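Here are my notes for going through this one with you. Have the structure open while you read, and take the points in order.

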There are 2 protein chains.
Amino acid sequence: MTRTPRQDDRRDRLIEAAARLFRKQGYERTSVRQLAEAVGILSGSVFHHFDSKEDILLAVMSTTITTMIERLREAAGSASTTRGRLLALIQTELDLLHGNTRDGVSIIFFQWNSLSNANQKELLAMREEYERIWLDALQAARDGGALNAEPFIARRLLTGANGWTIYWYHRDGALSLDELAGTILGMLTGSLSRGQAEVIRGSEV
Amino acid sequence: MTRTPRQDDRRDRLIEAAARLFRKQGYERTSVRQLAEAVGILSGSVFHHFDSKEDILLAVMSTTITTMIERLREAAGSASTTRGRLLALIQTELDLLHGNTRDGVSIIFFQWNSLSNANQKELLAMREEYERIWLDALQAARDGGALNAEPFIARRLLTGANGWTIYWYHRDGALSLDELAGTILGMLTGSLSRGQAEVIRGSEV
DNA sequence: CAGTCTACCAAGCGCTTGCTTGGTAAGCAA
DNA sequence: TTGCTTACCAAGCAAGCGCTTGGTAGACTG
């Protein structure tokens, strides 16, 4: 039997497997035994790496939010115009939801209530950091006249619209993520039709 | 001990309690014992009214969808213009989500995956009936030039945006449901600002 | 007023759950 | 070589789960 101490790869693999299974089956319907089996250990051994099952969910969410903030901050910085920044944020959130971070990100969106209140509080500051980036961009868009609605309302509608895509959007379909992002931006700002995404990103307002 | 035979009120009360508890706690985290306690019977007695726990969820969803279809059909028929009809549908869906049907409707939106595949199939025809009303209205809006996006994409974005309101919208806040509906219609059709809802409903396109 | 049906209780069964315990082989440091 | 640490296994515990069983009081039916 191979032992690989001084190397937390089992822990990381557990987080990965948990993200995958939690997304597919939900947190409650995923047992610790399933998690253990997914990485090739017995159920009791899971508790060598984590104090509780919920701690695994917390770890999944925590590492995911960190990535989300990082990616969104990058996107916000990459665009030079108000509208271009908004598009970049939408594209990024969609990519977070459908790229290789999708397991964790879906869990952030739709398994939030499986976390105890105490642990929700623990992550709230990070979530707010993520939302702050959005609200700043939306406020700028509003100041510039590109957005009609109040930023925080627009963001919440957007959160739902984007998050819900995990239930119907498939990357291998006819609709590309950038096209979808363009459609969403068009709705938000009320003028853009699909397929113009590339034109706008980086150009003037 | 009061017995009231020939009267299915316990069954109805169970469905009601289930809707409430499933929404608040989730289906998996709600036990049959809790459901029983909510209506004042013992856990075993629940299975006099339902074959299984999942059957209760099915009953909640089934009765809810029936109401949803009914209400949405009414709304679609009440408006004389394309845009007015769209607004009526949005208002109705928001009211379904936040009025006295909100428990069941929230469950339709967010506990769908707790149903077994077999039971999902059972309800699919009803869901499609509901969506058909939406798609017809959106298609008409598109034909009339009021909507830029493809109807089925618009609807899915809308589904997410509307459904997500259960996580942040509160009736007793400053924002009224009709104002919110106006904002959403404005985004969909790309021209309306908030507060104009009443003006548009029933007027010409 | 006997027979049937409805709506429940009391008890508990079989199973799964998250988690604990005690032990051990392998790796590392001195 | 000794001693400590890491990463696991083997076994199982207590609690809770959905659900079943056998029985009974009251209401309804002929």
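1. A term to start with: a salt bridge here is a side-chain nitrogen of Lys or Arg within 4 Å of a carboxyl oxygen of Asp or Glu. Counted that way, there are 16 salt bridges over all chains. Do keep in mind that you're looking at a predicted model.

2. For an example inside one chain, look at A:Glu93 and A:Arg155, whose side chains form a salt bridge with 3.0 Å from N to O. A:Glu93 sits in helix α5 (residues 82–98) of chain A and A:Arg155 in helix α8 of chain A, so this pair ties together parts that are 62 residues apart in sequence.

3. Now for the two chains together. Chain A can be laid on chain B by a turn of 180° and a shift of 0.0 Å along the axis, and the RMSD is then 0.0 Å. The two copies are therefore related as by a two-fold rotation axis. Both copies use the same surface, as 96% of the contact residues of chain A recur in chain B.

4. How many residues of chain A are in contact with chain B? It's 27 residues of chain A, and they touch 27 residues of chain B. Between them, chain A and chain B bury about 2700 Å², with 69% of it on carbon and sulfur atoms. On the chain A side, A:Leu157, A:Trp164 and A:Met187 lose the most area to chain B, together 27% of what that side buries.

5. Salt bridges turn up between the chains too: the count between chain A and chain B is two. Check the one that A:Glu28 forms with B:Arg29, where the closest N and O atoms are 1.6 Å apart.

6. Of the 14 residues lining the largest cavity, A:Leu157, A:Ala161, A:Met187, B:Ala161 and B:Met187 are the closest to its centre. Which elements each supply at least two residues of that lining? They are α8 (151–164) and α9 (177–189) of chain A, together with α8 (151–164) and α9 (177–189) of chain B. By class, the lining has 14 nonpolar residues, no polar ones and no charged ones.

Technical notes
Residues are numbered from 1 along each chain as its sequence is written. Chains are lettered from A and ligands numbered from 1 in the order in which they are written. This is a predicted model: local features need pLDDT of at least 70, side-chain atom pairs count only at pLDDT 80 or more; totals for chains, interfaces and linings use all residues. Side-chain values use heavy atoms; hydrogens and water are left out. On a 1 Å grid over the protein atoms alone, a cavity is a set of points where a 1.4 Å probe fits but cannot get out, and a pocket is an open set with protein on both sides within 12 Å along at least five of seven lines; lining residues have an atom within 4 Å of a point. Helices (H or I, at least four residues) and strands (E, at least two) are DSSP runs, numbered from the N terminus. Ala, Val, Leu, Ile, Met, Phe, Trp, Tyr, Cys and Pro count as nonpolar, Asp, Glu, Lys and Arg as charged, and the others, Gly among them, as polar. Copies are superposed by least squares on the C-alpha atoms of residues with pLDDT of at least 70 in both. Contact means heavy atoms within 4.5 Å. Buried area is the accessible area (1.4 Å probe) that two parts lose on being put together, summed over both.
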